[in-house]
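The following questions and answers concern a single protein structure. Please consult the sequence and the model while reading.

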Amino acid sequence: MPSWSLVRYPSAATRTPSRVAASACVLASAAILLSSAPALVPASGLTRAEAVPLAPARGCLPGFDCDMSQRIDAVDNYLRTRPGVTGYVLRDRVGGGIYANENAEQSVWTASTIKLAIAVDLLNRARVGAIALGPEDRGLMESMLATSNDQATDVLWNKYAGIDRMAFNNAFRANGMSSLVPQPTNTALYPDWSFQKCTAADLDRLMVYALDHLHPDDRAYLVDRMRSVDYNQHWGVWGAGAQMRPGLKNGWSAEQGGWVVNSVGFAGPGERYTLAIMSSLGPDGGYTEGADTDTKVAQMLLAGR
């Protein structure tokens with residue numbers, strides 16, 4: 001059961017949103033194929049202009065071998081049976097394939113996946129000397145990544161968001177999350193990390209940025225931390241299986257519109273595959289259903305590759 005989770009009920013602008021801790025048991029239709037890309041995909045990555053509608057039984061997809069192409073078909077069929085709406089983006093950073101299903105551009109609450117973007121920005125700023133991350137800051141960042149600790153994230157956000165509180169959000173866009181939008185909080189503390197929406201395509205571009213554009217030492221640190229999350233975070237992309245050496249950042253929250261359960265990470269030798277999944281359950285399910293969906297998607301796509 002997760003040690004930390006954010007359960008938020010965003011309210012209308014006339015009311016103050018509440019945030020409380022919660023716990024829960026852890027454990028599509030036509031799709032879009034994005035044209036093949038170089039093995040190292042630029043951070044700008046996924047764009048609507050690349051999309052080409054495809055029919056079922058597509059055969060071998062550009063940039064993917066036939067086994068992976070069949071896995072993608074199987075996942076799309078599986079998602080038709082699942083509650084809510086799931087968007088995902090899969091990349092093969094060796095073969096060059098990029099695949100997104102039809103919901104990959106749907107805007108969804110980030111929940112705690114935004115903590116990966118926070119860590120990326122903190123590492124970047126520290127690397128160029130814009131900030132100095134002391135031992136306490138490092139400890140907070142590790143807690144934020146390992147257990148998804150909300151309190152640690154609050155401290156880091158308030159300390160490093162800047163006078164206008166936009167330092168992180170400006171960096172999010174620069175680091176690939178081009179369609180991320182901060183949401184109203186009805187407090188003086190705007191924007192806030194826990195009130196943000198993005199798409200699976202945003203999380204995909206963020207993961208590519210982290211792997212391809214961070215300083216090598218910072219990349220190695222982040223990859224290690226994402227592989228070392230607490231046991232209660234072993235779902236979502238973790239479904240790839242231990243042999244694939246996955247790493248991830250998960251996020252889950254209860255909203256007025258229902259639960260969102262998200263996972264972003266990598267798997268395979270040299271972090272060959274990246275996967276971003278965002279499941280919005282609406283009235284059709286809860287945390288467990290979302291975590292089960294995300295984990296099964298990763299297992300079907302990546303286990304045994």
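In what follows, a cavity is a set of grid points where a 1.4 Å probe fits but cannot get out, and its lining residues have an atom within 4 Å of a point. The model is predicted.

Q: Which residues line the largest cavity?
A: A residue belongs to the lining if it has an atom within 4 Å of a cavity point. About 30 Å³ of space lies in the largest cavity. The lining divides into three nonpolar, three polar and no charged residues. Its members are G87, N103, Q106, V108, A200 and M278.

Q: Is strand β5 largely enclosed or open, and why?
A: Buried means under 20% relative accessible area. Strand β5 covers residues 85–92, and seven of its eight residues are buried, so the rest of the structure leaves β5 largely enclosed.

Q: Which residue of β12 stands opposite R91?
A: Strands β5 and β12 (residues 273–282) run antiparallel and are joined by eight bridges. Within this pairing, the residue of β12 opposite R91 is T274.

Q: Which residue takes a positive phi in the hairpin of β5 and β6?
A: Three bridges join β5 to the antiparallel strand β6 (residues 98–101), and L90 stands opposite Y99 there. Five residues lie between the two strands, and the one with a positive phi near 90 degrees is G96.

Q: Which backbone nitrogen does the side chain of D164 reach?
A: D164 is found in the loop between α4 (150–160) and α5 (167–174). Beyond its neighbours within four places in sequence, D164 is in contact with Y190 and P191. At 3.0 Å, its side chain reaches the backbone nitrogen of M166.

Technical notes
Residues are numbered from 1 along each chain as its sequence is written. This is a predicted model: local features need pLDDT of at least 70, side-chain atom pairs count only at pLDDT 80 or more; totals for chains, interfaces and linings use all residues. Side-chain values use heavy atoms; hydrogens and water are left out. Buried means under 20% relative accessible area, exposed over 50%, partly exposed in between (1.4 Å probe, protein chains only). Helices (H or I, at least four residues) and strands (E, at least two) are DSSP runs, numbered from the N terminus. Two strands pair if DSSP finds at least two bridges between them. On a 1 Å grid over the protein atoms alone, a cavity is a set of points where a 1.4 Å probe fits but cannot get out, and a pocket is an open set with protein on both sides within 12 Å along at least five of seven lines; lining residues have an atom within 4 Å of a point. Grid points are joined across faces, edges and corners, and a volume is the space filled by probe spheres set on the points. Ala, Val, Leu, Ile, Met, Phe, Trp, Tyr, Cys and Pro count as nonpolar, Asp, Glu, Lys and Arg as charged, and the others, Gly among them, as polar. Contact means heavy atoms within 4.5 Å. A polar contact is a pair of N or O atoms within 3.5 Å; within protein, one must be able to donate a hydrogen and the other to accept it, and residues adjacent in sequence count only if both atoms are side-chain atoms.
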